Amino acid sequence: MEPEIRRLTIADYDEIVRVWSDAGLPYKPGGRERKDMLAKEMTRPYCAFLGLEIDGRLLGVIIANWDGRRGWLNRLAIDPDHRGKRYAGLLIEAAEQFLESQGAIVLAGLIDEENLPSMAAFSRAGY
């Protein structure tokens with residue numbers, strides 16, 4: 001099956017959290033990653049939660065957010081059993097396209113320092 005990238009909604013919340021957890025990303029269910037907080041963020045036109053799925057299973061997530069000056073790519077996570085298949089690169093490209101459509105000229109990746117897989121993916125993508 002070919003990977004499909006789509007915009008995620010709050011209906012995908014549990015799967016987003018599962019991917020983050022499986023990928024080892026820190027998750028703050030009582031803070032910035034509360035369901036109601038993400039629901040609000042997802043409705044903003046300058047923010048896109050993008051997911052990569054195969055056969056209906058979410059395997060990767062990235063958030064693209066434009067602050068009016070810079071385009072930010074963050075919370076990149078790929079299911080560990082599916083790394084090394086260029087899925088992170090596909091998500092980065094999709095996030096870049098979204099941000100450029102918003103008017104972002106400068107793009108930056110925001111990565112937790114312990115997230116070595118994301119650092120490697122962004123490095124391969126030229127960041």
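Q: Buried means under 20% relative accessible area. Why is Trp20 called buried in this predicted model?
A: The relative accessible area of Trp20 is 0%. That is under 20%, so Trp20 counts as buried.

Q: What makes Tyr27 partly exposed?
A: Partly exposed lies between the two cut-offs, 20% and 50%. Tyr27 has 28% relative accessibility. That value falls in between, so Tyr27 is partly exposed.

Q: How do you know that Trp20 and Tyr27 form an aromatic pair?
A: Ring centres must lie within 6.5 Å. Those of Trp20 and Tyr27 are 6.4 Å apart. The distance is within the cut-off, so the rings pair.

Q: Why is the pair of Trp20 and Tyr27 called tilted?
A: Planes under 30 degrees apart are stacked, and planes over 60 are edge-to-face. The planes of Trp20 and Tyr27 stand at 45 degrees.

Q: What makes the pair of Phe122 and Tyr127 edge-to-face?
A: The planes of Phe122 and Tyr127 are 90 degrees apart. That is over 60, so the pair is edge-to-face. The rings lie 5.2 Å centre to centre, which is within 6.5 Å. The count of aromatic pairs comes to two.

Q: Are Phe122 and Tyr127 buried or partly exposed?
A: Phe122 has a relative accessible area of 3%, so Phe122 is buried. Tyr127 has 35% relative accessibility, so Tyr127 is partly exposed.

Q: Where is Glu33, and why is Glu33 called buried?
A: Glu33 sits in the loop between helix H1 (13–23) and helix H2 (35–42). Its relative accessibility is 3%. This is under 20%, so Glu33 counts as buried.

Q: What makes the link between Glu33 and Arg32 a polar contact?
A: The N or O atoms must lie within 3.5 Å. The side chains of Glu33 and Arg32 meet at 2.7 Å, which is within that cut-off. Residues adjacent in sequence need both atoms to be side-chain atoms. Here the contact runs from side chain to side chain, so it counts.

Q: What makes Arg75 stand out in its backbone?
A: Most residues other than glycine have a negative phi. Arg75 is not a glycine, yet its phi is positive, about 60 degrees. Arg75 lies in strand E4. With a relative accessible area of 9%, Arg75 is buried.

Q: How do you know that Asp55 is exposed?
A: Exposed means over 50%. Asp55 has 64% relative accessibility, so Asp55 counts as exposed. Asp55 lies in the loop between E2 and E3. Asp55 also has a positive phi, about 55 degrees, although it is not a glycine.

Q: What is the volume of the second largest pocket, and which residues lie closest to its centre?
A: The second largest pocket has a volume of about 250 Å³. Its lining has 16 residues, and the closest to its centre are Arg32, Glu33, Asn74, Arg75 and Leu110. E4 gives the largest share of this lining, three residues.

Q: How much space lies in the largest pocket, and what lines that pocket?
A: The largest pocket holds about 330 Å³ of space. Its lining has 21 residues. H3 gives the most, with five residues. By class, the lining has eleven nonpolar, five polar and five charged residues.

How values were computed: Residues are numbered from 1 along each chain as its sequence is written. This is a predicted model: local features need pLDDT of at least 70, side-chain atom pairs count only at pLDDT 80 or more; totals for chains, interfaces and linings use all residues. Side-chain values use heavy atoms; hydrogens and water are left out. Helices (H or I, at least four residues) and strands (E, at least two) are DSSP runs, numbered from the N terminus. Buried means under 20% relative accessible area, exposed over 50%, partly exposed in between (1.4 Å probe, protein chains only). A polar contact is a pair of N or O atoms within 3.5 Å; within protein, one must be able to donate a hydrogen and the other to accept it, and residues adjacent in sequence count only if both atoms are side-chain atoms. On a 1 Å grid over the protein atoms alone, a cavity is a set of points where a 1.4 Å probe fits but cannot get out, and a pocket is an open set with protein on both sides within 12 Å along at least five of seven lines; lining residues have an atom within 4 Å of a point. Grid points are joined across faces, edges and corners, and a volume is the space filled by probe spheres set on the points. Ala, Val, Leu, Ile, Met, Phe, Trp, Tyr, Cys and Pro count as nonpolar, Asp, Glu, Lys and Arg as charged, and the others, Gly among them, as polar. Rings of Phe, Tyr and Trp (its six-membered ring) pair if their centres lie within 6.5 Å; planes under 30 degrees apart count as stacked, over 60 as edge-to-face and the rest as tilted.
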